[in-house]
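Hi,

Here is the model I said I'd pass on. Have a look, and my notes follow below.

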Amino acid sequence: MSDLPRKAVTRTARLAALPLGIAGRATLGLGKRIGGRSAEVVTAELQQATADQLFKVLGELKGGAMKFGQVLSVFEAALPEEVAGPYRAALTKLQDAAPPMPAASVHAALAERLGKDWRENFLSFDDKPAAAASIGQVHRAVWHDGREVAVKVQYPGAGEALLSDLAQLGRVAWLLGPLIPGLDIKPLISELRERVSEELDYELEAEAQRRHAEEFADDPDITVPKVVAQTDQVLVTEWLDGIPLAEVIAGGTQRERDRAGQLLARFLFAGPSRTGLLHADPHPGNFRLIKDGRAASDWRLGVLDFGTVDRLPEGLPAPIGDSLRMALAGDAAGVLEMLREEGFVKPSIELDPDAVLEYLLPIIEPATVDTFHFTRSWMRAQATRIADPRSPAYNLGKQLNLPPAYLLIHRVTLSTIGVLCQLSAKAPFRAEMLEWLPGFAGESAAEEELAEVLEES
């Protein structure tokens with residue numbers, strides 16, 4: 001394929017064909033069952049065929065379709081195991097792979113953005129892409145000063161394609177919703193549309209990446225590549241070696257899983273506190289485990305792709321930590337009052353404080369122990385509890401509201417927990433929250449810290 005399929009009618013036709021194909025396979029499956037084949041075998045075949053078609057279309061279209069697939073992939077751990085199997089491989093493919101843009105198109109884009117003599121910037125440039133994402137692909141190269149670099153080039157027509165895809169995906173949300181129980185697809189798609197303009201502007205991405213690279217420049221645990229050069233549609237950064245988190249998920253040792261999980265949790269909470277920005281695209285393709293030494297404590301987490309960030313100048317909102325602390329202390333009335341103040345419970349809704357606390361406690365279990373083992377079975381249990389219409393949690397959850405200011409924070413937190421469950425990591429989640437989450441340690445801890453600072457001065 002020469003480029004992104006840009007004509008709206010072409011892209012819409014491919015997406016619109018998805019429900020028709022699925023309906024046709026369901027009819028065929030019914031015929032096979034009538035013919036004597038077991039329901040389990042037929043269902044497995046249908047799920048595999050559906051996964052193949054769905055993610056083949058998303059991957060080929062790139063743009064908003066592939067971006068949506070990447071977002072869904074981090075929720076894979078919530079799928080029931082009998083459903084997760086057929087979808088898991090297809091979802092993972094979307095994190096790092098897509099049909100490449102031809103070299104001629106890449107060269108034309110570089111000439112347009114960097115100038116006709118663009119090759120003078122590089123000692124070498126690999127025409128074969130090293131990775132492909134939703135709106136661009138990455139090439140490995142050597143900068144003119146000898147540094148190995150990653151060159152991210154935006155697909156021609158990416159903006160138009162993103163908007164077209166997400167509009168169409170909104171129309172078929174009913175089809176995609178059952179993939180992840182308990183996840184409301186329409187707000188997710190709406191949020192993605194709102195973020196399109198930022199992600200398309202590589203200069204904004206460069207600004208966010210520079211902020212992180214400067215803050216974590218000497219950090220022993222987190223590494224962010226420096227920005228070398230950028231235009232609005234071309235971004236050049238230092239190359240980052242390491243083991244992709246997708247590979248750790250697929251076959252890593254428990255030591256690798258645990259260390260990756262610990263660092264991922266640390267970055268989730270420390271990033272906003274230290275930079276005023278929340279990295280908002282936490283799928284496994286954006287992280288690398290860098291094994292500098294033999295001891296697992298020496299390994300670092302490399303972080304890529306700052307195209308989507310949430311701007312939080314004061315760090316994560318203190319009411320998150322305050323409400324978690326009160327929940328763990330059993331202060332049901334205090335939790336409900338704070339949820340009302342922040343807009344999670346609308347004024348017209350009456351709720352039982354104890355029922356709200358009962359709803360929250362299983363979800364915040366990782367904050368109750370020093371080390372928590374994140375597993376797919378734990379995440380599936382939470383998703384099932386909230387999504388089962390027979391469950392009290394389902395009825396209470398329907399009465400809760402998600403304020404716009406918390407929408408991205410909520411998705412990033414859930415996504416990160418999804419990756420931790422994919423890793424099956426045993427992570428000291430609570431320690432990271434105590435250190436970095438405002439309000440969680442309480443006033444006494446803050447007062448002690450201030451007293452120590454004053455004493456030292």
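How many bridges join β4 to strand β10, and do the two run parallel or antiparallel? There are 2 bridges, and the strands run parallel, with β10 covering residues 300–303. Two ground rules before the rest: this is a predicted model, where local features need pLDDT of at least 70 and side-chain atom pairs count only at pLDDT 80 or more, while totals for chains, interfaces and linings use all residues. Residues are numbered from 1 along each chain as its sequence is written, and side-chain values use heavy atoms, with hydrogens and water left out.

**The sheets**

Helices (H or I, at least four residues) and strands (E, at least two) are DSSP runs, numbered from the N terminus, and two strands pair if DSSP finds at least two bridges between them. β4 belongs to an open sheet of 4 strands with mixed pairing, in the order β4-β10-β9-β7. Its edges are β4 (222–223) and β7 (243–244), each with a single partner strand, so one side of each has no neighbour in the sheet. In β10, Gly-302 is the bridge partner of Thr-223.

There is also an open sheet of 5 strands, antiparallel, ordered β1-β2-β3-β6-β5. Here β1 (122–132) and β5 (227–230) are the edge strands with a single partner each, so one side of each is left without a neighbour in the sheet. The twist averages 25° from one strand to the next (axes are lines fitted to C-alpha atoms, for helices over the stretch in contact, and angles run from 0 to 180 degrees between N-to-C directions). β1 is joined to β2 (residues 136–143) by 6 bridges, and Phe-125 stands opposite Ala-141 in β2.

Helix α5 (residues 103–114) packs on this sheet, touching β1, β2, β3 (148–154) and β6 (234–238), at about 120° to β1 (contact means heavy atoms within 4.5 Å). Helix α9 (residues 202–215) lies across β2, β3, β5 and β6, at about 165° to β5.

**An aromatic pair**

Rings of Phe, Tyr and Trp (its six-membered ring) pair if their centres lie within 6.5 Å; planes under 30 degrees apart are stacked, over 60 edge-to-face, the rest tilted. That gives 11 aromatic pairs. One of them, Phe-269 with Phe-429, is edge-to-face, at 5.4 Å centre to centre and 70° between the planes. It links helix α11 to helix α18 (residues 429–436), with the two residues 160 apart.

α11 (254–275), β8 (277–279) and α17 (404–423) each give two or more residues to its lining, with the largest share, 5 residues, from α11.

Cheers
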